[in-house]
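Here are a few friendly notes to read alongside the model. Take them one at a time, and keep the picture open as you go.

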Amino acid sequence: MKNYIHELITRYFSKRHNPETEIKIQQWLIDDEFSQEKDKALSQVWEKLSVKNDKAVYQSLKEINAKIGMRSYRSWFIKHTLPRVAAVLIPLLAIAGVWLYQSTHINMIEVVTLAGEQKEIRLPDGSTVWLNACSKINYHEKFSDSLRNVTLTGEAYFSVVRNARKRFEVTTKDITVEVLGTQFNVKAYPDDELVTTTLTIGKVAVQAFEEKYTLRSNQELVYNVANKSAVVQGISDNSTNWRDGSIIFNELTMNQIFKELERRFDVKFNYIGTLLPDDKYSIKFTNKENINQILNVFQDVTSGGFTYTTNGKNIIITIK
Amino acid sequence: MEKEYIKELRDGDHKAFEKIFITYFKRVKLFICGIIKSEAEAEELAQDVFVRLWTNREAINTNNPIGAYLYTIAKNCAFNYLKHKQVEQTYLGYNPFDNKVPTPEEELYAHEMSLLVEMIVNEMPIQRRRIYILSREKGMSNRDIAEKLGISKKTVENQLSLALQKLRKIILLFLYFFL
C-alpha cells in the first residue's frame, strides 16, 4: 500500500494533469487518512527534487530581505562571493538582458480549427480549452499578473483552473465572460445571430452590450446580436456535448441548422429556392451520424420539404 | 558545515540565513508548486516559508537537519493553502467533492485506486480514452462501441488492450497489497 500511495504522489508531481483531477488529488492529499504514508512519500519526493539555481533566486532573496527588514551584506558579498561569481554573473546578466528584452515582447498564440475539426488546448495557467469547428482563440504565451484573457471567435468549452487573484476572461466580438474558475461553453460565431454562454457548474459574469448578467449552474445566456437583447434560461439539454462528437440542435430554424452542419462537416450548401420558414426544430444526433444520415432525417422531419444532391464538398439543396 | 550555519542563523546571523536561502529556496518553491500546481502562488508561499524560518529562528533545534525542518514548513504551507482554497470553493457553491462517500473497511484503498486510474486515463490519446470510458464506465460491448464510433471491432479491441496494459501494472500492485 505504501508503494501505492508513493506511485500516486510521484505521478501527480511529475507534471500537470486535468484540472478536475488535480483538484481531486489535492483534496485527497490534505485528507487525514493515511497521513503518515503520504508524508513519507512526500518527503521522498522532496529529497529527489532536482534543483538548479538561477537568477530568480536572487530576485526572491531581495524580496524576502525587504520583507524581514534586512539588507544584503554588501561587504561580505564583495569579499567572498563576488570574485567567484563574476565570471558566471556577467554572461548571466547578458542572458538576462536578452530575456528581459524578449519578455517585453510576449508572443501571442493563435489556435485555429477548420470545418470538421476539433482541438484540445492547454493554456499557460493549466486551464483547458476544447475548440469546436471553424473557431479561433488568441492568448498571450504568458498571462499577465492580474488577468488571464482569451479572445474567442466561434465555439469553445473552457475548464478553468481556479485562481481567485487572477480573473479569467473570454472576450468575443459582442460579449465578455468573466470567471474565477469553473467550466463553461461559449458559442459566438460571427455569422450567427445568437451568442450563447452555457454554464455547467459554478458562477460566471457575462457582459453583453451595456448590461452585466450573472449565470449560475445549469443556466445559459442567449444574446441576440441583432436587437441587443439577452435572455437567461435553464439548460434544457446538454448542448456542450459536442466534445464527444454529438450534434445537438435546440430550438433552431433550418437556416441556423444548415450553418452549423457546414461547420461540423466541412461542406457547403447551395440553395435552389428559398429556405424554409421560421419553424424551429430540436433534435439530437449522438451516434456519429454522417452528413447524409442527418440530411435524410431532416427530409423526414420537414415531410420531404427539400431534396439534395452531393458533389464533393458542395451539396445542392433544392427546396420544394 | 551545515550545523554551523544553523547555529549562526539561530543567533540572528543574516549571512547564514542568506546561505540557507540560496541553498534551499528553489527546492521549497518547486516542492510547493508540485503540490498546489500554481507557480505564482508557489513563489508567495515559498517566501512565507523563509519569513517564518527567520522569525522563528530562535526555536530551531540545531541537532536536526535544516532540510527536514524546511520540508515540514513547506508541506504545512502548501496544505493550508489547499484547505483554504477548498473552503472558498465550498462557499462559492463549487465543490467537486460533494459526492464523496465514506469509505467502508473493504473499500479502504478504492479512492486512491480511482485517482490513479483517472490520472492514467487522462493521459491516454483521445480515441483510446473515449473507447475506455465507453467500455468500462458506461459498460458498452466492443461491438456497440465500434458501431457508435464508426470503427472496426478489431480497433476497439486493440485500443482497449493498450489501455488495459497501462492500467494492469497499477492494478496488480493494488491486488498485491490486498491479497
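Predicted model: local features only at pLDDT ≥ 70, side-chain atom pairs only at ≥ 80, totals over all residues.

1. Residues are numbered from 1 along each chain as its sequence is written, chains are lettered from A and ligands numbered from 1 in the order in which they are written, and side-chain values use heavy atoms, leaving out hydrogens and water.

2. Chain B has eight helices and zero strands (DSSP runs, numbered from the N terminus: H or I of at least four residues for helices, E of at least two for strands). Of its 179 residues, 44% are buried, meaning under 20% relative accessible area with a 1.4 Å probe, protein chains only.

3. How many residues does each chain bring to the contact? Chain B gives 65 and chain A gives 64, where contact means heavy atoms within 4.5 Å. About 6700 Å² is buried between them, 62% of it from carbon and sulfur atoms; this is the accessible area (1.4 Å probe) that two parts lose on being put together, summed over both.

4. Six salt bridges cross the interface of chain B and chain A (a side-chain nitrogen of Lys or Arg within 4 Å of a carboxyl oxygen of Asp or Glu). One of them joins Glu123(B) to Lys15(A), with the closest N and O atoms 3.6 Å apart. On the side of chain B that touches chain A, α2(B) supplies the largest share, 17 residues.

Methods. Buried < 20%, exposed > 50% of the residue type's maximum accessible area, 1.4 Å probe, protein only.
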